[in-house]
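Open your viewer and get ready to click around. We'll go from stop to stop, and at each one I'll tell you what to select and what is there.

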Amino acid sequence: MPLEKVLLAKPRGFCAGVVRAVDIVNIALDVYEKPLYVRKEIVHNRHVVEELRAKGTVFVDSLLEVPSGATVVFSAHGVSPEVREKAKAKNLKVIDATCPLVTKVHLEAVKYARDGFTIVLIGHKGHEEVVGTMGEAPQHMVLISSREEVAHLNPPDSNRIAYLTQTTLSLDETREIIATLRQKFPHIVGPPSEDICYATQNRQESVQAMARHAGLILVVGSGNSSNSNRLVEEAQKSGAQSYLIDDYRNIQESWLEGVRVVGVTAGASAPEILVQQVVEHLKARGAATVEEFETTKENVHFALPPNLASDLETRNRVRT
Ligand code: SF4
């Protein structure tokens, strides 16, 4: 069976939080003196990071590597209050690229902790977003990543317990974990809808629908991107063969054998140019038709951090 068609998921790729984070670094490179420091990968995509590094960005793992008084950008995944304190102590100029939807989870954690709740955070251990959120109220929070772990939870007061979620989890699995939490703790409270963000939800729903029409689904994204990994899992659970690829060079010829329709999508941190390269690669292998597979429209935009917006305005005034 020869390859005939490519289905291109829509929406795919960059979400509003990633667009904002990448814009922030590009603008900061233009407005401030170099070197510009970025704590951690600004977003979890190798290509994005390499491109910004080539423009003069210095990526660091810790603020220890940043000289006093320098300018540092915090990544889209957010940071704990401890990191903010360290930046203040070193007199760093901070530009915060934390996605506003991650900030929302931080604020919920602060509120529940202040009200004396034990907070169950559903998320992946070690992920930067989880480290940042846990840092808001470490004494009040416990991290779980599966339904099985609910059985081991033993809060001091089972009437004062709340849950929060990482923004990039599997929708279905998270709903199952929340249902298990509700069974064990009928009084548990949480945000009105789980905090899995709109971009994660839309990309997962799109890949689930696309898997009904495509034998193979390729997800463009880096290995450390949580939402990209979830897309591969969702495609597989929906019955398609699926692989995570950094770019077209990762595609193995054997994956295409016997496949008539290939679906292509991209995680929230993967640039569109990489998707287009994948499409060109598939066209060269016989795919005569490329169709967009639209499941929903996205129109989300986040404003720049106020201090960067104001410095940009000042710089533009000086130039004119
Ligand atoms: S995936 Fe969601 S939470 Fe993460 S940066 Fe994008 S919009 Fe924000």
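**Stop 1**

Select P11, which sits in the loop between β1 (5-10) and α1. Helices here (H or I, at least four residues) and strands (E, at least two) are DSSP runs, numbered from the N terminus. Before you go on, note that this is a predicted model, where local features need pLDDT of at least 70, side-chain atom pairs count only at pLDDT 80 or more, and totals for chains, interfaces and linings use all residues. Residues are numbered from 1 along each chain as its sequence is written, and side-chain values use heavy atoms, with hydrogens and water left out.

Now show the backbone between K10 and P11: the peptide bond there is cis, with omega at about 5 degrees. Next, jump to P35, in the loop between α1 and β2. What kind of peptide bond joins K34 and P35? That one is cis, and its omega is about 5 degrees. Most peptide bonds are trans, and most residues other than glycine have a negative phi.

**Stop 2: two positive phi angles**

Select K40, in the loop between β2 and α2. K40 isn't a glycine, but its phi is positive, about 70 degrees. Then find N91 in the loop between α3 (81-89) and β5 (93-96). N91 isn't a glycine either, and it has a positive phi of about 60 degrees. Is N91 buried or exposed? N91 counts as exposed because its relative accessibility is 59%; the cut-offs are under 20% relative accessible area for buried, over 50% for exposed and partly exposed in between, using a 1.4 Å probe and protein chains only.

**Stop 3: the largest nonpolar core**

Select V25, I42, V43 and V73 together. They have the most contacts inside the largest nonpolar core, which has 32 residues. A nonpolar core means a set of buried Ala, Val, Leu, Ile, Met, Phe, Trp, Tyr and Cys residues joined through side-chain atoms within 4.5 Å. Color α1 (16-31), β2 (36-39), α2 (46-54), α7 (198-210) and α11 (306-319), the elements that give two or more residues to this core. Which element gives the most? It's α1, with nine residues. The core also draws at least three residues from each of domain 1 (5-14 + 198-294) and domain 2 (16-98 + 302-319); those bounds come from an automatic or database domain assignment. In soluble globular proteins, nonpolar side chains tend to be buried together.

**Stop 4: some buried residues**

Click V31 in helix α1. V31 counts as buried because its relative accessible area is 18%. Draw a C-alpha to C-alpha distance from V31 to E313: these two are 282 residues apart in sequence and 9.7 Å apart in space.

Move to L36 in strand β2. With 1% relative accessibility, L36 is buried.

Now pick F74 in strand β4 (residues 71-74). F74 has a relative accessible area of 1%, so it is buried. How many residues separate F74 and R39 in sequence? They are 35 residues apart, and their C-alpha atoms are 5.4 Å apart in space.

**Stop 5: the ligand**

Select the ligand, then C15, G17, C99, L101, T167, T168, C197, Y198 and A268, the residues around it. Each has a heavy atom within 4 Å of the ligand. By class, this shell has six nonpolar, three polar and no charged residues. In that count Ala, Val, Leu, Ile, Met, Phe, Trp, Tyr, Cys and Pro are nonpolar, Asp, Glu, Lys and Arg are charged, and the others, Gly among them, are polar.

Finish on T168, in the loop between β8 (161-165) and α6 (171-184). T168 is buried, with a relative accessible area of 11%. Its C-alpha lies 8.6 Å from that of G123, which is 45 residues away along the chain.
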